[in-house]
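Hi,

Here is the structure I promised to pass on. My notes on what turned up in it follow below.

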Amino acid sequence: MDLTLVIVAVCVLAAIGLIIIYLVFGRKNSPFKFDIGGGSPRASGGADASPEKTLSSRLVGLSVAVGAVFTALFARLWSMQLVSSDEYQKQADSNRTRTVTTAAPRGRILDRNGVEIVTNRPSPAVVAKSDVSEDDVEMQVLANLLGMPKRAVYRKIIDTSEGAQSLRTVAVDVSRRVIAAIYAHPGVFDGVSIEERTQRFYPNGTLAAHVVGYTGTVTQEQLENSKTADGGFVYAHGDIVGQTGVELQYESALQGVRGEQTVYVDASGKVLDHSTSIEAQSGSDVVLTIDAKVQKAAEDALVDAIKVSRAAGFMGKAASVIALDVTNGEVIAMASYPTFSPSVFVGGIASSDWENLQSEDANYPLMNRVIAGQYPSGSVIKALTTFAGLDYGVCTPESSWYCTGFWTGFGEEYGMHCWKLSGHGTVNLVTGIINSCDIVFYEIGKGFFYNKEHPEGMQEVFRKFGLGALSGIDLPEEASGRVPDAKWKWDYFSDSPDDSRAWQGGDNCNLSIGQGDLLVTCLQMANAYAGVATRGQIWKPHVLKSINARSGNGSVIEYKNKVIIECEESESNYDIVSRGLHGMVYEEDPAYAAHWTNLDVQVNGKTGTAQQITVGDPVGWFVGYAPADNPKYCICANVDCAPSGAGSAMYVVRDVFGAIYGQKDTVSR
């Protein structure tokens, strides 16, 4: 019988009993009676304080009190049974049911042509019920089968991080032998089963590792943040989530929707039966702007450039390259050296591997140097220095100078060398760019130092082309670089004497040739030259092309291209710089020009070699765009600790253009 009905019946019987008691004993002791002779009623005696009256009053009071109690009880029962019955039913159900979640496969990462860069592979896992931990014999047999210490198996089984009622993951990626043994001996492995799961798989190895990033088990910080994020996923312990690169940037799209299974449990939490279930939904596929073929060529080119640098007696520590579509900001290729294998993070990375990836001796393989490596730009900055000189009247299209190889613009004691010690003779802006004559740009730096109205005109132009600021590329950990000025120097060297903190003419000269305290990234210089190529427009760089629907039918998000900078310069200014960049590729040195004349399209470009005092070896640069008359692509590369830009980074850019246009460089290096 329902417990509520029993309580109600008892209460009713008790109430009836009290009413009977009151009627029998309460009425019998009345202080009045009728005379049998028919006279008027009269008192039979007894004062208000008589025992009979007192007993009657107490019975009445008791009846009222008990009635009030039972009234309240009835009201509460009515409320529980009728008003709040659904709520109490839910609470009762929650005490005997639990929700067990199952992980969903992550979405794939594809190149622009549908080539899989990151996908998933089947991963059979051995899972066990929690009560297996109570059977020492079964744990020992399981440990022997898996080749694990029994203690390790025990720790896996008692781990509740994936949920108290969830099956405990003992081992993943188990062999067919293990699977066959468990299926063949169900009596021996009671409570142990095989689950089909997925792991990240990289069919092209390390291709685009810095772009796609890697995944790992959700951290405690990510768990806490997910609980307060608006509209995002609430992670569970054990979830695999993106940690860097595209895996992190587009986590919300790649992360699938977990499946749910409702189970019935007893008081101890042991699963008794299963109820409704919802299948897990895989994440959406992310399509990148990257072209896998060009990406492979870019990565191979970096390796070759490092070999060339080391063969020349330089350290050849690191390198990076990026290829942009200047008409929309799409990243066609992005490579960084040294690289790493994202597969080492699958299933958890060993501490020794992690330490190596973080070490200085290994040159920090996890760093994406395209967006995070900051270096002095060297002579590739000279195109922007030219714009600055023309914009603020420090020089004119007709200006010319004489280079002897040594410049004394601030006096003999402050003399500065040109890179060509024998000098270039008479030079102007165009030939200054072609031959990268330092004297031309020292003169521009000097002109700004004495310009009272615009002493920081160079800095203004550099910033106008995007230096010293984030581009907003859709990848984490982008660095902003640095465009130094008088205020920065004064604040940065706060512990130095005042005369050392003040901005000097030499600072302007160093800045004009991309030396001193200027820091740029490979991406920033690619963006700046994209602005030169398009004559003013710099598009926001991005690696996302689209996100496909989970159903696989079309895309749900198409990246919307956006212009982020409009670089206003006169057409005549662009003409001067363009002639200089074209001449640099085809006129400056016949040996270097030979690498470009075997490419059908014409290229405008600039080399750069920046000294790094603290490192020892310079960093070599090359940036170029093509076709010169109707630019489509801009490629920028740098090689850290290389002989020169022409002897290292130029080869990288040539190889990437060769992959884009299908024409390899056939000239020996």
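Cys-636 is buried, at a relative accessible area of 0% (buried means under 20%, exposed over 50%, partly exposed in between, with a 1.4 Å probe and protein chains only). Bear in mind that this is a predicted model, where local features need pLDDT of at least 70, side-chain atom pairs count only at pLDDT 80 or more, and totals for chains, interfaces and linings use all residues. Residues are numbered from 1 along each chain as its sequence is written, and side-chain values use heavy atoms, leaving out hydrogens and water.

Cys-636 is in none, as the nearest cysteine sulfur, in Cys-522, is 3.8 Å away. Cys-403 is buried too, at 2% relative accessibility, and its sulfur sits 3.7 Å from the closest cysteine sulfur, in Cys-437, which is too far for a bond.

Most peptide bonds are trans, and most residues other than glycine have a negative phi. Tyr-337 and Pro-338 are joined by a cis bond, with omega about 0°. Another cis bond runs from Ala-626 to Pro-627, with omega near -15°.

Asp-173 has a positive phi, near 55°, and is partly exposed at 36% relative accessible area. Tyr-364 also has a positive phi, near 50°, and counts as partly exposed at 35%.

Cheers

Note on methods
Disulfide = S-S within 2.5 Å.
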